[in-house]
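Colleague: I am new to this structure and would like to go through it with you, starting with its rings and then turning to its helices.

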Amino acid sequence: MTESLILASASPQRARLLEQLGLAFTAIPADIDETRRADEAPEALAERLARTKAEALSAAYPAARVLGSDTVVAHGGEAFGKPRDLADARRMLTTLGGTTHRVITGVALCSGGTTAVKTVVSEVTLDVLDDAAIDAYWTTGEPQGAAGAYAIQGRAGQFISYLSGSFSAVMGLPVYETAALLRATGLDPLVLASGGGKPV
């Protein structure tokens, strides 16, 4: 396989965000252990998982540029990934409701045998949700694949009163930082979209 750009993710949200840059890519999920290490800070966790995803696929496709990304919701010393089930989603949304918490997204790019990583920290305020609202939201299917059990770009937008930082990073892929990483390797999305060059 000779893809020039691979997104190490099965997330449709990340794919849609990368499509905004106008680049052709192939999405291939990375099968890695996402368990948090003891005393690992949320920022370190997001960065490590993004790097591990990218490097796992880069080993299989060394000629390609490989992007990996991971998002962690953090509050009160706890890091929230995707909920295991409805009970776990209730716990997360009950804990996060009424708080301003951090959403940390790491994005990594493997190219030419090296890996570069950027981390984006945003703040989000989520309304207090009762069990009935959480259960109704669960039936939409959105919480199952989202860190912190909510998807800001979907129905959860009606529960979010405040955002400081990067909307695309909270969604799962920081577009600004991703474009900067790609440009540093000679792949300029804007130039390619205008027909002004080819990736090197």
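Colleague: How many aromatic pairs does the structure hold, and of what kind?

Modeller: This is a predicted model, in which local features need pLDDT of at least 70 and side-chain atom pairs pLDDT 80 or more, while totals for chains, interfaces and linings use all residues. Residues are numbered from 1 along each chain as its sequence is written, and side-chain values use heavy atoms, leaving out hydrogens and water. The structure holds one aromatic pair, where pairing asks for ring centres within 6.5 Å, with planes under 30 degrees apart called stacked, over 60 edge-to-face and the rest tilted.

Colleague: Is Tyr-137 buried or exposed?

Modeller: Buried means under 20% relative accessible area, exposed over 50%, and partly exposed in between, with a 1.4 Å probe and protein chains only. Tyr-137 has a relative accessible area of 3%, so Tyr-137 is buried.

Colleague: How are helices H3 and H4 oriented where they pack?

Modeller: Helices here are DSSP runs (H or I, at least four residues), numbered from the N terminus, and axes are lines fitted to C-alpha atoms over the stretch in contact, with angles from 0 to 180 degrees between N-to-C directions. Helix H3 (residues 86-96) and H4 pack with their axes 10 Å apart and at an angle of about 125 degrees. Angles under 35 degrees count as roughly parallel, over 145 as roughly antiparallel, 65 to 115 as roughly perpendicular and the rest as oblique, so H3 is to H4 oblique.

Note on methods:
Phe/Tyr/Trp six-rings, centres within 6.5 Å; stacked < 30°, edge-to-face > 60°. Helix = DSSP H or I, 4+ residues; strand = E, 2+ residues; numbered from the N terminus.
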